Structure formats: structure tokens, C-alpha cells
Amino acid sequence: MDDIAIKVEGVGKTFKLPHEKQTSLKGAFINLFKGGNRSFERQHALKDITFDVKKGEFFGIVGRNGSGKSTMLKLLAGIYAPTKGTIAVNGKLTPFIELGVGFSPELSGRDNVFLNGSLLGFNRKEMEGMYQDIVDFAELERFMDQKLKNYSSGMQVRLAFSIAIRARSDILLLDEVLAVGDADFQRKCLRYFTYLKNNKKTVVFVSHDMESIRKYCDRVILIEDGNIKLEGIPRKVITEFMSGFVEHNEENSPNVEKNGVAASNLPLGIAEAVTTDKTLLKIDRVWLENLEGQKIDEIDKNTNEYYVKFIIEAKKDIQKVVPGVIVTNELGDFVVAVNSKWAGSSLKTTLTDKNKYLIKFKLLNIYEQGNYKISVNVVSEDFNTFYAWKNEVCSLYVNRPYVTGGKVNPPSTVEITEL
Amino acid sequence: MIKRIFSKRNRVLLAELVRTDFKLRYQGSVLGYTWSLLRPLLLFTILYLVFIKFLHVNYGVPHSAVYLLVGIILWNFFLEVTAGSLGSIVQRGDLIRKIRIPRWIIVVSSSLSAVISLLLNFIVIGVFMVLNHVSVNIDLVWLPLILLEIYLFALGLAFFLSAAFVHYRDISYIWEVICQALFYLTPLLYPVSKLKWPIIKKILFMSPLTQAVQDARYVIVTHQSYTLSNAVHSILFRGMPFLIFILVFVLGISYFRKKSKTFAEDI
């Protein structure tokens, strides 16, 4: 137990969700008398979770929305009591998991600093001592006597963050702190993370930002449907997590039908008017390769070019197809979109029934550091009919020695010449 | 246990929450804190005019104005603690859902603003005592105990009400009605000594409020205040209001403790 900060054993959490569908006064009246036996629906947010967090570890929890990761954090914080299992915490825990909790909009910034400090257990005298540092760090000197409701959300977050980092806890729980604030604030956050990491603080970190998970976490668990699906080093878990998205984006996921095609299944960036015809060919397999012919899911500054390869199988004889590749970043923005027509490559234009064909795209590594997803598709020559597609079928992590802040990071050269 | 309850963190938090409550309460009002004094004073003026000047109710005691005032201020205190704390857990849902703090602190902090108001109001009572030439007697030393009884009784109810309110929002309406009833079941405006049937007096004195208010009047204003020992003669029954008080306090806290585990998900 000495080197373990948090021990979670067989924890489950079930919520009782009351059915509240009272449409008539009579119904409400009857319900009043039934009182305690309102009907409930049980929601098993977490089923059977077991893990430990070691002292000094930066521990990540990832999962899709609604997978139970925030519930897990609230259980760790002691806000929820587990339905079953035990949680043992060895050390002083930060009491809150979000920034700015307990802020009162009607009070001045100054009063809120003291109020928030009291939640961390600092009395007025101790807070007086740190007050100036907090204000300086938040860069809000001029605003401290204004009511908090007149602050912008960015200012509120800055203030909250400046207070939160004063916490003298051994174990910190952070839920999506990066989701708010501007780039400048995020840089401050990241610097704080580095500080925590260097000072061997124990941190449990929940985020959707795979980049910071990969960069800071020593170990990550992936929660899916209330269970731990995978535990391990960030790279492994993130790859698995990202491929989970692919499954959900497969062609036959249930969704609203639009023109006979499920809307979410349409290839990325396709206008509604486009027709589809899936009877002609199908995409078999998609993978990424480096120039040496090895499969990859990560490239770095030494990689100038890589391949996106996929196999298509014709179901009939077809003429003139245009295969394409789209690379999207974590936000879903198109970074690169190419197809054979735009690339000007001459392809064999006639496909024969039951034959398989390998398509090979050679792409340049122009990316900024981050996670990217590859989608592939095959369309008719006039771009009006889609024959086959696979959305976000591969993940690609791009590693760079530094982050430029630009959208892309293409190779460039600089020369200086004396004139 | 006691050490844990009064840990530094809890004390700091309690102080800061009370300060916040007090600051927020009179925000945007011109007179601010003075309303804590002004409100019961105005209420008292109305009741004084109606019951003493117009209706000529004879309380059968000297200094009937102070006598009336003490009753009203104590009643107001009871009302402020219970009704004020009733919604406290729900209102502070943001804290409860996102921070691990002892839940009772929220109820206690909201009740403590009422305590501050009460202390301010005792300044008013003091002024009236001087104006009315009320002579202070040695029994006044019992006053803190009597106030503590009312406070803990109200706090026990506040714990129960605030926890029940999380599940049943009807509680606020029900409590309003009950308070109306309690207002008349406590001899605030009428002289209890003049009630016709002794049994009614006995029943009224089963309420800790009646017992405490009459005792407070006894120690502050006049020994002619009609108290528990005047109305109830059996020693066994004299214990009843205290038993009820302790029962309410203990049950209120244990109900709160039981329910507080799931506040975060129930709100």
C-alpha cells in the first residue's frame, strides 16, 4: 500500500433514474400517494472496475461520452458513494474536480478568491498571503472588485485555475480542464502539468484530448460501457480507443435514413444531393505503410512520405472510378483531401467483376503534431455517385519535436544571405 | 469524531460560507444589514399596534411590549433556521455535485446566518428593556441554554427538511402550512395563562417551542411569565417537551446522514 495512492477494487455504480412522466393532475395526485414506490430505471454507469494508481503517477482515464469516466472521477473524489466495491485513498485528495466550483456570480472576484480558497482548506490569513500571487497569475488585477458575473468565461477560468493550483494535495483529480480557455490559458495548464509531473504529484486525468493524454500520462485505462476495456501505456490505449471510433462509424451503424442511406454513413464532406450505389464495388482493407513497406500508425519528423493503401473488389464490371483519401484532424477538419483525378494519376479505368485491386496513395508528411484519421472512398468520375467508403478507418499519430501552433507543419528551409 | 467535525478545513469553510450567505442576503438593498434588525422590528410594530393598542389584549404581565417582542424574535429565529435551511441543499447543488465537502456544513452555515440575525435582534430587545425599565434578574444566565434549545430543535428540523426536500419538493408547501399551525400553537400573541381548559395548556406545553419561548420570557422579562411548571404538574410530563426536542434533533440528524450519501446524484 505504501507506493499506491489510490486502490479501486470491484467498484460499481448504479444510478436510479426515476420515471417522471406525469401528464395529468390526476397522475400527479396518484403519484403523491404512491410516494416512495415511484418506478425507477437502473442505470449501471460502472460495472466492475479495478485498478490502482501508484504514487507519483500521471494516470489517464479515457472513454467515449457517457462511458462512465466522469462518474469514476466523482467516486474517487468521494462525491458519489460506490454501489459496490471499495476505494482506498492514501494521501490528501483535492476536493474538487472542476475549475470554478462554488464561484458565486454575485460576489466580487476578491470575495470569490477567499471563498474558493476555503474550499481548499485555506483560512483568510493564508489566503491573504497568496492573494497577490493569485491575482498576478490570473492577470486580473483591475477586475478584482467587480462582480464575478461581469467576468468573461475566460477570465473566470483563469481566476479559478490560479486558485486551484495553490492546492497542497498529494493527489489531484482533473476532469477536462483543458476543454475551456484560450490557447494562452491552455499553455499555462500544460506548464502546470509539467510542473506536477516533475514534482512527482499523483494525478488522475480525464480528457478527450488524446494529445495531452499521450504526452503526460504514464498509464491509461480505457473505460467502455462501465468496464475497463484496456489498461496500458498511452500509445496502446489511444490506438485502441481511436479504432473504437472506426467501428462506430462503419457503414451499417444505425442512424436516421436519408435518401435510403444513413446520414452519418455518408462519406466525409459529401453534399446531400449525392447518390450512392453500393452494388458495384467494395473496399476490402485499408492500412498505412512507410516507404519500407512496414505497417505504421505513427510517423515523425524523419518521415517525409507514407502510403495509404487499400484494396477494392469489383462486384461488376465498371469503368472510370476515382479513389480518394481524406485526412482529418482531431476536430474533424479536413487537412488533406486527394483523389486520383486531382492527383492527375492515370489509373486503370476498367475494373472487372470479382477482381481485386490495390490502390496506393503516396502522401507527404506535412502535419502538425497530433492525431489524424484517414478515410477512403471510391466515387464515380463525375463525383456524383459514391460507390464505397470507409470513414476514419485508420489512425495516424504525428510526432514532432516541437509544436508550431500552425495548422500544418510542412518541411521548409531558411537561408540567410548577406547583401 | 468531535475533532473531525471541527477540523480546520471545516471551520474555515463554515466561516466562509456564512460570510457569503450574509453578504448575498442583502445584496442590492439600500439599507443592507439593517434589514436584519428592521424586519422583526416592523413586524413587532404591527403586532404591537393590533394586539396591545387596538385589541387591548391583556397579557397579565408587566412590560407586555417586551414580552411580545421576545416571543416574535424567537419565533422569527425558528422560522428563519427551518425555512431558510429547507432549500439549502438543493440550492447548493453545484457544490454538492462537484466537491467533496461534508454536507452538514451547508445546512449549518445557512442556519448560522439566522443565528447572527438573532444576536443582532437581541440588541433591539436590550434597547426595549432599557426603555421599558425592565429590571435584569440573575435568571438571565439561563438564556443561552434556552436559545441553544430552540436552535438545536430548529436545526434538527432543518436537517430533516433539507434532506427530504431533495426528494420531495412538496415539503416546502407542507412546511409552510405546519409553520402557520405552529405559529398559533405557540402562545406568541395570546396569553396562554388565560386559556380556559387546562388540558389545552398542557398540550401546548408539550411543544418545545412553547416551553422555550415562555422560559425565555421568564428569564428576560418577568417571572410572571406562565411556564411549563405552571401548566404541567406531573414531573413525567414535564420531561415531554425536552424529550420531543431531543428526539427531533437526533432523528433529524440521522435521517440527514442516511440521505446525504446520495445527495450528489439525487439533486
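Visitor: In chain B, in which helix is confidence highest?
Guide: Chain B averages a pLDDT of 90, and 100% of the residues score at least 70. Confidence is lowest in helix H1 (residues 2-5) of chain B, at a mean of 74. Where pLDDT is low, predicted coordinates should not be read in detail. At the other end of the range, with a value of 96, stands helix H8 (residues 143-167) of chain B.

Visitor: What share of the residues in chain A is buried?
Guide: A residue is buried if 20 or more other C-beta atoms lie within 10 Å of its own. Chain A has 419 residues, and the buried ones make up 32%.

Visitor: Among contacts in chain A with a separation of 6 or more, what percentage joins residues 24 or more positions apart?
Guide: Here we look at how far along chain A the partners in a contact sit from each other. For contacts with a separation of 6 or more, the share from residues 24 or more positions apart is 72%.

Visitor: Which helix gives the most to the side of chain A that touches chain B?
Guide: The contact takes 24 residues from chain A and 20 residues from chain B. On the chain A side, the elements that give two or more residues are helix H2 (69-77) and helix H3 (109-119) of chain A. The one that gives the most, with 5 residues, is H3(A).

Visitor: And how many residues on that side of chain A are nonpolar?
Guide: The residues of chain A that touch chain B can be sorted by class. There are 4 charged and 6 polar residues, while the nonpolar ones number 14.

Visitor: At what angle do H3(A) and H5(A) cross?
Guide: H5(A) covers residues 153-164. Gly109(A), Val113(A), Asn116(A) and Gly117(A) in H3(A) meet Leu159(A), Ala160(A) and Ile163(A) in H5(A), and these residues divide into 4 nonpolar, 3 polar and no charged. H3(A) passes H5(A) in a right-handed crossing. The axes come within 10 Å, and the angle is roughly 40 degrees.

Visitor: Is Pro323(A) buried or exposed?
Guide: Pro323(A) lies in strand S16 (residues 321-328) of chain A. Beyond its neighbours within four places in sequence, Pro323(A) is in contact with Asn339(A), Ser340(A), Ile359(A) and Val378(A). The cut-off for a buried residue is 20 or more C-beta neighbours within 10 Å. Pro323(A) has 26 inside 10 Å, so this residue counts as buried.

Visitor: How far apart in space are Pro323(A) and Glu381(A)?
Guide: Along the sequence, Pro323(A) and Glu381(A) are 58 residues apart. In space, from C-alpha to C-alpha, the separation is 9.4 Å.

Visitor: Which residues of H7(B) make the contact with H3(B)?
Guide: Helix H3 (residues 34-54) of chain B and H7(B) pack at about 60 degrees, with axes 9 Å apart. H3(B) passes H7(B) in a right-handed crossing. From H3(B) come Ser36(B), Leu37(B), Pro40(B) and Leu41(B), and from H7(B) come Ser117(B), Leu120(B), Asn121(B) and Val124(B).

Visitor: Does Leu47(B) count as buried or partly exposed?
Guide: Leu47(B) lies in helix H3 of chain B. Setting aside neighbours within four places in sequence, Leu47(B) is in contact with Leu68(B), Ile72(B) and Leu189(B). A buried residue needs 20 or more C-beta neighbours within 10 Å. Leu47(B) has 16 inside 10 Å, so this residue counts as partly exposed.

Key
Residues numbered from 1 in each chain as written. Chains lettered and ligands numbered in written order. Predicted model: local features only at pLDDT ≥ 70, side-chain atom pairs only at ≥ 80, totals over all residues. Contact = placed C-beta atoms within 7 Å. Helix = DSSP H or I, 4+ residues; strand = E, 2+ residues; numbered from the N terminus. Nonpolar A, V, L, I, M, F, W, Y, C, P; charged D, E, K, R; others polar. Buried ≥ 20, exposed ≤ 12 C-beta atoms within 10 Å, placed from the backbone. pLDDT = per-residue confidence, 0-100. Axes fitted to C-alpha atoms, helices over the stretch in contact; angles between N-to-C directions. Left-handed = near helix turned anticlockwise from the far one by under 90°.
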